[in-house]
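I opened my notebook to record, entry by entry, what I looked up in this structure. Each entry stays with one topic.

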Amino acid sequence: MPFPVKENEKGNRQTMLFEELDLDPRILRAVKELGFEEATPIQAQSIPAVMSGRDVIGQAQTGTGKTAAFGIPLLHKVDADSRSTQAIILCPTRELAIQVSNDLHDLAKYMHGVRILPIYGGQDISRQIRSLKGGIQIIVGTPGRVMDHLRRKTIRCDEVHTVVLDEADEMLNMGFREDIETVLGYIPGERQTVLFSATMPKEILDITKQYQTDAITIKVVKKELTVKNIEQYYYDVRRKDKLDVLTRLLDVQDPKLSLIFCNTKHMVDELANELQNRGYFAEGLHGDMKQQQRDRVMKNFRSGKTEILVATDVAARGIDVDDVEAVFNYDLPQDDEYYVHRIGRTGRAGKTGKAFSFVKGKEVYKLKEIMRYCKTKIYAQPIPSQRDVEEAKCEKIMDQLDQIIEEVDLTKMVNLLERQINSGDYTAMDLAAAFLYQALGKSEQERSRQESFEFSDTGAEEEGMVRLFVNIGKKQHVRPGDILGAVAGESGMPGNLVGAIDMFDSYTFVEVPREYGAAVLKAMKNAKIRGRQINVEPANAK
């Protein structure tokens with residue numbers, strides 16, 4: 001029988017938080033670092049089942065988080081002090097073997113001494129043999145190559161306690177049944193056998209009857225979910241650049257209400273705070289907040305007082321707001337189904353919505369799985385430039401002016417402007433340009449200077465910060481508080497965002513967030529500290 005999963009007060013099925021699964025603290029640390037807060041349905045049911053030691057049959061499709069479902073319990077059982085092979089995972093293709101091996105490495109990041117090796121055809125077998133001699137506890141391989149090593153006795157199964165057949169139906173479709181049975185014949189009878197398959201044809205059932213004992217069956221078949229009325233895009237973005245890209249998209253798209261999804265509560269708090277510091281009406285929503293706080297945040301979001309809601313999947317359940325114009329996947333969801341639930345919160349009531357996802361590196365493969373599952377296209381897009389942001393702001397102002405011209409009697413204003421033009425040396429176009437400059441907040445020339453200024457590596461200790469050099473120090477009787485006051489006071493940046501201040505005899509280094517760097521340099525041009533004119537410039541990393 002399937003293991004039970006957590007239920008909410010209304011009895012609706014929910015998946016569990018990883019914190020509730022009684023995991024090894026080292027694995028839990030790695031899971032959190034990977035950005036996962038909530039176990040997928042197959043993980044919530046399979047992890048306790050596999051950890052119990054019973055044989056398991058799991059029916060689940062690609063994109064449900066199967067690797068962690070068997071990988072986490074496997075890592076719990078592995079003895080890092082023994083160099084013997086203790087687990088063998090069979091996969092249908094070299095690509096899947098490599099992917100599973102990489103995922104297990106990520107989960108075992110803080111488990112010292114655990115060694116995992118992918119082995120597959122097409123790779124030099126002598127190199128694999130050298131690696132195997134070093135002692136590998138977990139082998140992930142294709143049936144043919146694993147069988148080859150078993151025959152050569154370069155893999156020994158005396159200490160193997162677990163065997164996993166991943167995507168078993170695919171292995172059978174590729175003609176690997178005999179190879180699988182040969183491999184299983186080498187492994188001691190007293191073992192745990194775990195099998196995962198998207199479908200359960202007769203051949204699979206035959207294998208389960210012959211090679212498993214009293215197996216627990218867990219079935220998580222994903223619903224057919226499609227996405228309509230939603231334009232979907234993705235951006236190739238490095239982690240450290242996500243915030244800048246997000247704010248540019250918010251400025252260019254200018255959604256009335258938007259939802260931003262993160263995978264962890266910590267990231268929700270951090271991102272909501274960063275957006276607030278940049279002047280956006282944003283608030284966070286996650287499971288650690290008290291019900292009173294959650295109610296207040298949702299009330300503000302529904303009324304439009306809060307324009308941007310940053311949330312985890314758990315906290316976003318039940319959000320039903322028709323005016324959400326854009327959904328952002330700041331972190332890509334772990335399960336394809338979550339993606340559908342997330343973006344389905346826009347494009348409601350017959351309206352067209354937009355969904356934007358940030359991906360980097362191997363996450364592109366995850367995105368392809370999502371596209372196959374949703375039967376939809378997610379289009380790559382170039383990251384908006386600062387010029388795009390400015391043009392979008394200008395367009396918004398022009399739209400507002402159109403509305404004013406249509407709805408307001410401007411006779412009085414026209415008369416005032418005519419008098420000003422007749423008595424001055426400038427044209428109506430000059431005045432219009434000056435008003436637009438005022439509305440945008442900075443001139444095209446200033447924008448160009450800002451855009452052309454790029455901080456290279458300044459040697460800042462903290463990620464996301466830049467280090468600035470100030471030509472004044474202890475000999476001038478300057479204290480850290482004087483530097484902090486000048487930087488915050490002149491630039492308008494909140495003082496709590498200023499990082500490390502390192503003072504020397506005749507100069508000082510101060511760290512500020514990268515996004516404030518250019519503004520601080522500009523503001524400090526004419527600044528004085530203790531009556532002295534100072535010079536501030538980017539520090540040299542050397």
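This is a predicted model: local features need pLDDT of at least 70, side-chain atom pairs count only at pLDDT 80 or more; totals for chains, interfaces and linings use all residues.

Residues are numbered from 1 along each chain as its sequence is written, and side-chain values use heavy atoms, with hydrogens and water left out.

**Entry: the whole chain**

I looked up the secondary structure and found 21 helices and 20 strands in the protein chain; these are DSSP runs, numbered from the N terminus, with helices (H or I) of at least four residues and strands (E) of at least two. The C-alpha trace spans about 100 × 65 × 45 Å along its principal axes. Of the 542 residues, 47% are buried. The accessible surface comes to about 27,900 Å², and 48% of it belongs to carbon and sulfur atoms; such areas come from the Shrake-Rupley method with a 1.4 Å probe, and for residues only the protein chains shown count as cover. I also looked at contacts, meaning heavy atoms within 4.5 Å: among those with a separation of 6 or more, 74% join residues 24 or more positions apart.

**Entry: the seven-stranded sheet**

In which order do the seven strands of the open sheet stand? I wrote down β3-β4-β2-β5-β6-β1-β7, with parallel pairing, where two strands pair if DSSP finds at least two bridges between them. Strands β3 (116–119) and β7 (216–220) are at the edges and have a single partner strand each, so one side of each has no neighbour in the sheet. From one strand to the next, the twist averages 15 degrees; for angles, axes are lines fitted to C-alpha atoms, for helices over the stretch in contact, and the values run from 0 to 180 degrees between N-to-C directions. As background, I noted that strands of a sheet pair through backbone hydrogen bonds, either parallel or antiparallel.

**Entry: strand β5 and its partners**

I followed β5 (residues 162–165) to β6 (residues 192–197), and these two pair in the parallel sense over four bridges; Val 163 has Thr 193 as its bridge partner in β6. Strand β5 also pairs with β2 in the parallel sense, again over four bridges, and here Ala 87 stands opposite Thr 162. In a regular strand the side chains alternate between the two faces of the sheet. In β5, Thr 162 and Val 164 point one way while Val 163 and Leu 165 point the other way, and all are buried.

**Entry: strand β1**

Why did I call β1 largely enclosed by the rest of the structure? Five of its five residues are buried, so the strand is largely enclosed. From β1, Val 56, Gly 58 and Ala 60 point one way, and Ile 57 and Gln 59 the other way. Four bridges join β1 to β6 in parallel, with Gly 58 partnered by Phe 196, and five bridges join β1 to β7, also in parallel, with Ile 57 opposite Thr 217.

**Entry: a helix across the sheet**

I then looked up helix α4 (residues 94–107), which lies across β2 (87–90), β3 and β4 (138–141) and runs at about 175 degrees to β3.

**Entry: single residues in loops**

Val 408 is in the loop between α16 (386–407) and α17 (411–423), and with a relative accessible area of 43% it is partly exposed. Gly 344 lies in the loop between α14 (336–343) and β13 (353–359) and counts as partly exposed at 31% relative accessibility; its C-alpha atom is 9.8 Å from that of Lys 354, 10 residues apart along the chain.

Is Lys 375 buried or exposed? At 58% relative accessibility, Lys 375 counts as exposed; this residue is in the loop between α15 (363–374) and β14 (379–380), and its phi is near 55 degrees, a positive value in a residue other than glycine. Arg 530, in the loop between β18 (528–529) and β19 (532–533), has a positive phi of about 50 degrees although it is not a glycine, and with a relative accessible area of 49% Arg 530 is partly exposed.

Methods. Buried means under 20% relative accessible area, exposed over 50%, partly exposed in between (1.4 Å probe, protein chains only).
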